[in-house]
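Hello,

Here is the structure I promised to pass on. My notes follow below it.

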Amino acid sequence: MELSLAHSAQSSPAAAMASSLSGATSARLLPAASRAAARVSLSPSPSSLKCLRSISSSPLTSHLFLQQRRRSIQVPSVSYSGIASPKCAVSTPEQLKSAKEDIKDLLKTTFCHPILVRLGWHDAGTYNKNIEEWPKRGGANGSLRFEIELKHAANAGLVNALKLLQPIKDRYSGVTYADLFQLASATAVEESGGPKIPMKYGRVDVSGPEECPEEGRLPDAGPPSPANHLRDVFYRMGLNDQEIVALSGAHTLGRSRPERSGWGKPETKYTKDGPGAPGGQSWTVQWLKFDNFYFKDIKAKRDEDLLVLPTDAVLFEDPSFKVYAEKYAVDQEAFFKDYAEAHAKLSNLGAKFDPPEGIVIDDGPARPAPEKFEAAKYSSGKD
C-alpha cells in the first residue's frame, strides 16, 4: 500500500533529482528512437546518477500503495505519435536471471528497495476483476512506463524507479517491462530480509499509452472510512481481508515526508541520517529491513517518531482486519508466509502470460537483510 509523493521545492538531493528530471533533456520522458509511440526515455545522465543514489531511499520511495493527499505532480511533457510501439519481446529465463542479479547490485548501492516494491504494486494494482478484456482490466502489464499513467497522482515520483531500472531493461531486451517491474519488486522484498516470493514470469507488455487504465484505481491514504475504502479497492482486485492486512505489512519498508505527501514528520531520530537523502518519517525503526515490526509498532503506538496512517490504524480497529494484524504482530513466520502468497497473487493480477503457464526461474533462496540494515544506530537514533 502506498502514498504517492510529489516533488519538493527544497534544495535537497531529492529536490535536485526532481529538478534534473524536469529540466535536463537527457532526463526527460521522450519517445525512444526505435519506437513510434512514447515510451519513457530513462537512461540516467551523469549529473543525475549521484542524486539517484540518494533519492532511491528518500521519501519518494516510501509508501507502498496509497494515494497522496496533495494532488500535484510534475512529469516532463512528451509528444506522442499516432502509432503504437511494438510489443516488447517475451521474457526469457536466462535474461530474467541475469536481470535479477543486476537488480541485486542496484539495491546494494542505492537502497532503493521501497520504491521498487512500490513500482511493482502500482503497475499491478490497477486490476479490475469485473473487466475480462486485456488490457482494459488493468494489472501487471507494463503500462506504468507511459507518461499518461505516470501523471496519475498515486504515481508521483515513480519516474525515478523507472530511471533506475532502464539501464537494466536496455541490457536485457528479452525481459518485458511488466516482468521487470514485478521482478524488481519481489527482489527488493527478498533482499531486505523478507520472504522468498513464489513468482512466475512471461508477462506481456501493453504496446501504447492508449492501453493505460484510467486514474483512480489505487487506494487513498486518509479516506473518511478507511476499512470500507480498503475493501472497495482490494475486493475489486479480487483480494480478501487477510491479503489486505498481509500486504499492508510491506509498510515495514520506507518513509514519508510532509512536504511531498502531506503525511509524516520532516525528520525523526530514525531518518535524520538516511541512508540516502535524510529526513522523513518511517513506520518502523529499521525501515530498510523487511520484518513484522510494522504490526508490532502500529499496535503499540508508543513511539511518536513512527508513522501511523488512518489506513494503518484501522488494521487493529476493524474486527476482521484485527484478527490477522494481531497474528502477524506475534508471528513473523505466519506473516512472511501470507505476505509471500499475497504479493505473488498481486503481481499476477490482470497479466497475460506467454507461455500461458508462465516462466519460473530457479535463483536460490532469499538472502538475510544486509548488515547495514541491522546497524545499531537504528535502535538509538544516534550515529
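At what angle do the axes of helix α6 (residues 159-171) and α7 cross, and within what distance do they come? They cross at roughly 115° and come within 11 Å. Before the rest, the ground rules. This is a predicted model, so to speak of local features takes pLDDT of at least 70 and side-chain atom pairs count only at pLDDT 80 or more, while totals for chains, interfaces and linings use all residues. Residues are numbered from 1 along each chain as its sequence is written, and side-chain values use heavy atoms, with hydrogens and water left out.

**Helix pair**

Helices here are DSSP runs (H or I, at least four residues), numbered from the N terminus. Axes are lines fitted to C-alpha atoms over the stretch in contact, with angles from 0 to 180 degrees between N-to-C directions. Contact means heavy atoms within 4.5 Å. From α6, the contact uses Leu-162, Leu-165, Gln-166, Ile-168 and Lys-169. From α7, it uses Tyr-177, Leu-180, Phe-181 and Ala-184.

**Two loop residues**

Thr-126 sits in the loop between α4 (113-124) and α5 (147-150). Thr-126 is buried (under 20% relative accessible area), because its value is 4%.

Pro-198 lies in the loop between α7 (177-191) and α8 (226-237). Pro-198 counts as exposed (over 50%), because its relative accessibility is 52%. Setting aside neighbours within four places, Pro-198 is in contact with Ala-340 and Ala-344. The C-alpha atoms of Pro-198 and Ala-344 are 6.0 Å apart, though 146 residues separate them along the chain.

**Cavities and a pocket**

On a 1 Å grid over the protein atoms alone, a cavity is a set of points where a 1.4 Å probe fits but cannot get out. A pocket is an open set with protein on both sides within 12 Å along at least five of seven lines. Lining residues have an atom within 4 Å of a point. A volume is the space filled by probe spheres set on the points, which are joined across faces, edges and corners.

There are four cavities of 30 Å³ or more. The largest cavity has a volume of about 80 Å³. It is lined by 12 residues, and His-152, Glu-215, Gly-216, Arg-217 and Leu-218 are the closest to its centre.

The second largest pocket holds about 180 Å³. Its lining includes Tyr-270, Trp-283, Asp-297, Lys-301 and Arg-302.

Best wishes

Conventions: Buried < 20%, exposed > 50% of the residue type's maximum accessible area, 1.4 Å probe, protein only.
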